[in-house]
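Dear colleague,

I am handing over the structure we spoke about, and I would be glad if you could look through it with the notes below beside you.

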Amino acid sequence: MIRKNKFSIIVAVVILFLSLTSSHTFGRAGFINIPYIDKMAHFGFYFLFMSVIIIEHIKTLNNTRLLILSALIPFCFGSVIELLQSGIQIINRRGEILDLMFNTAGISAALFLWLFYKPYYRE
């Protein structure tokens, strides 16, 4: 199972690390001050996570119901991370509903992109 999902696991571990790292770490990184860049990051990471899941299971996700069920994996993962962020005071992070909404938007965008691309995909 691990070998079959190795890229999904790697993406999940990276997301987990970045989500549970103290926010002071990113404040010192010297990023350009773009409003709501963290929301764009949430969208991008969960778009990537769902895309990797789709690519790894391209042969087994042969109908829309299975595809939507597989979207529950990154959604539940993101929900648990937001709960952890609001529950762990040591990391100096806050869980936000808006973050969860952008996670869901990234997952949905990957799903819709695949559903649009799937009729044109040839093995």
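What volume does the second largest pocket have? The second largest pocket has a volume of about 190 Å³, where a pocket is an open set of points on a 1 Å grid over the protein atoms alone, at which a 1.4 Å probe fits, with protein on both sides within 12 Å along at least five of seven lines, and the volume is the space filled by probe spheres set on the points, which are joined across faces, edges and corners.

Please bear in mind that this is a predicted model, in which local features need pLDDT of at least 70 and side-chain atom pairs count only at pLDDT 80 or more, while totals for chains, interfaces and linings use all residues. Residues are numbered from 1 along each chain as its sequence is written, and side-chain values use heavy atoms, with hydrogens and water left out.

The chain has 6 helices and 0 strands, helices being DSSP runs of H or I with at least four residues and strands runs of E with at least two, numbered from the N terminus. Of its 123 residues, 30% are buried, that is, under 20% relative accessible area, with exposed meaning over 50% and partly exposed in between (1.4 Å probe, protein chains only).

To return to the pocket, its lining (residues with an atom within 4 Å of a point) includes Met1, Phe49, His57 and Ile73. Helix H1 (6-20), helix H3 (37-56) and helix H4 (64-70) are the elements that give two or more residues to this lining, and H1 provides the largest share, with 3 residues.

Leaving aside neighbours within four places in sequence, Met50 is in contact (heavy atoms within 4.5 Å) with residues including Leu67, Pro74, Ile107 and Leu111.

Finally, threonine 64, which is placed in helix H4, counts as partly exposed because its relative accessibility is 37%. Threonine 64 and leucine 115 lie 51 residues apart in sequence and 8.0 Å apart in space, C-alpha to C-alpha.

With best wishes
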